[in-house]
Amino acid sequence: MPSDRHLRDEELMLLIDGEVSAAVSAAWLAHLRDCSSCRLHHQALTSALRHFLDGYQDSVTPSPPPEAALLRRRMAVQAHPSRRSIYMVPAAALFLLLAAGLWWGLPSRSFAGALPDSRLTPGYARALSKAEVCGITADDDTRAVPVELARRVFREYRIDRPRPRAYEMDYLISPALGGADDVRNLWPQPYNEGVWNSRVKDALEDHLREQVCDGSLELARVQSELARDWIAAYKSHFHTGEPLAAHRRFVKDLPWE
Amino acid sequence: MSSDAWQLVSSLLNRTSSGAPGLTIEDEVTLLYRELHASLLRYLASLGLPAAEAEDIVQETFLHLFEHLRRQKPRHNLRGWLFRVARNLGRKRAALLRRSPIDAVDDPASLRCHSTTDPEEMAAWNRRQAHLANVVQALPERDRSCLLLRAEGLRYREIAEALDISLGTVASSLARSLGKLDTVNRS
């Protein structure tokens, strides 16, 4: 108990905010009764705190609870390692894969990008009904991704200077299936590299949209399949382990330049 | 938030061992996300992050929490832990944005409004808010963070955890900031 000295500023704060034990609080309050200097200082700090808190609370606009659907979907992806992309393997394993790729003379980019990094691109859909999705016109479907948005996605994927015509800035859930113009729904997909490239995905999306619009498939299920693993969805819907020859040559969207 | 939900969130934040009975980890994280989302956004805004970036970081923060709980790591002081993770992610993102200024033109997350329609009252409210904001903005970053986290209702041990400082430093930082505010109020 500081009977022979004044209470320090931090002690006054601890007292004001109830951050000390009952015994210490009682002793310090007794000191305040006897010490006008500490009492005045205590009052000044209490008043300043109240003034600040009032102003702060006044400035805070109440907001409704946030929508947690996206967070829950991202947790679901994170909880199942099989759904993760190559970017999510531990660093040591990634190093080994890179080394192996170089050893075999493969360009490192060839295995990266067929699936997005699910942390950066978990997939994000607009709240559209099946009727609205099936009413989407060809213009909506093939609209270009805004340049600033595309640049942001490249930055998130640590691609500083994308080679012209090397990537399609692709939607994980395509706009024609309700996908949103959102950084969480876009990734730079190699345009013409490897067998699981953007041309194959475009063919899958057209097929799925037909199925949704003729009532064979649920829209939500299709969106979920695309967000989880579009390659697995392709294999499942076309009953094949490799892209069909016609789909490898399929050209719908142009590469990003 | 209903009182039952509030009690549940409080118990999650104060729990020291296993999770709440009957709730999955996803449910726990979702409850905490709904409760702390706005506070974290305001705190990230105070670090100078645009709204879209702050929103991204809040999501990332809760994905870290999800992983933290899945790995059965310590549950004590979860609120302080969440603000610390958000702060670390926010500072990294702010550094990235300084190197790539294109995104910095986004709307600031701190935009607020007042519900009154009386012009005089609105003008007075704006003056008070601008004055308060200027004083707070002029504080050193640690003092500003302590003050804002205190305003968001964090206890001193939570602020200490969030900012990785001692409890005594929290108290002295708050006293210093309030001393300055008191001087400004008097003048």
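# Worked exercises on a two-chain predicted model

At 14% relative accessibility, Trp196(A) is classed as buried. That residue opens the exercises below, and please keep in mind that the model is a predicted one.

**Exercise 1. Find out how the rings of Trp196(A) and Trp230(A) are arranged, and which parts of chain A the pair ties together.**

Solution. 
- Step 1: Begin with the search over all chains, which returns six aromatic pairs in the whole structure.
- Step 2: Take the pair Trp196(A) and Trp230(A), whose ring centres are 6.1 Å apart, with planes at 75°. Pairing requires centres within 6.5 Å, and planes over 60 degrees apart count as edge-to-face, so this pair is edge-to-face.
- Step 3: Trp196(A) sits in the loop between strand 2 (186–190) and helix 9 (198–213) of chain A, while Trp230(A) belongs to helix 10 (residues 219–238), so the pair links parts 34 residues apart in sequence.
- Step 4: Widen the view. Trp196(A), Trp230(A), Tyr234(A) and Phe238(A) make up one aromatic cluster.

**Exercise 2. Describe the contact between chain B and chain A: how many residues does each chain give, and which elements of chain B take part?**

Solution. 
- Step 1: Count the residues. Chain B supplies 50 residues and chain A supplies 41 residues.
- Step 2: Turn to area. The size of an interface is often expressed as the accessible area lost when the parts come together. Here chain B and chain A bury about 4100 Å² between them, with 57% of it on carbon and sulfur atoms.
- Step 3: List the charged pairs. There are six salt bridges between chain B and chain A. Asp56(B) makes a salt bridge with Arg152(A), and their closest N and O atoms are 3.1 Å apart. This passes the salt-bridge cut-off, which asks for a distance within 4 Å.
- Step 4: Assign the chain B side to its elements. Those giving two or more residues are helix 2 (25–46), helix 3 (51–70), helix 5 (119–137), helix 6 (141–151) and helix 8 (167–186) of chain B. The largest share, 12 residues, comes from helix 8 of chain B.
- Step 5: Sort this side by residue type, which gives 23 nonpolar, 10 polar and 17 charged.

**Exercise 3. Is Thr61(B) buried or exposed, and what does Thr61(B) contact?**

Solution. 
- Step 1: Chain B has eight helices and zero strands, and 48% of its 187 residues count as buried.
- Step 2: Locate the residue: Thr61(B) is part of helix 3 of chain B.
- Step 3: Apply the cut-off. Buried means under 20% relative accessible area, so Thr61(B), at 0%, counts as buried.
- Step 4: Set aside neighbours within four places in sequence; Thr61(B) is then in contact with Leu82(B), Val85(B), Ala86(B) and Leu89(B).

**Exercise 4. Examine the positive phi values of Arg158(A) and Asn77(B); where do these residues lie?**

Solution. 
- Step 1: Arg158(A) is a residue other than glycine with phi near 60°. The loop between helix 8 (147–156) and strand 1 (167–171) of chain A holds Arg158(A), which counts as exposed at 60% relative accessibility.
- Step 2: Asn77(B), also not glycine, has phi near 55°. Asn77(B) lies in the loop between helix 3 and helix 4 (78–99) of chain B, and is buried with a relative accessible area of 9%.

Notes:
Residues numbered from 1 in each chain as written. Chains lettered and ligands numbered in written order. Predicted model: local features only at pLDDT ≥ 70, side-chain atom pairs only at ≥ 80, totals over all residues. Heavy atoms only, no water. Contact = heavy atoms within 4.5 Å. Buried area = accessible area lost by both parts, 1.4 Å probe. Salt bridge = Lys/Arg side-chain N within 4 Å of Asp/Glu carboxyl O. Helix = DSSP H or I, 4+ residues; strand = E, 2+ residues; numbered from the N terminus. Nonpolar A, V, L, I, M, F, W, Y, C, P; charged D, E, K, R; others polar. Phe/Tyr/Trp six-rings, centres within 6.5 Å; stacked < 30°, edge-to-face > 60°. Buried < 20%, exposed > 50% of the residue type's maximum accessible area, 1.4 Å probe, protein only.
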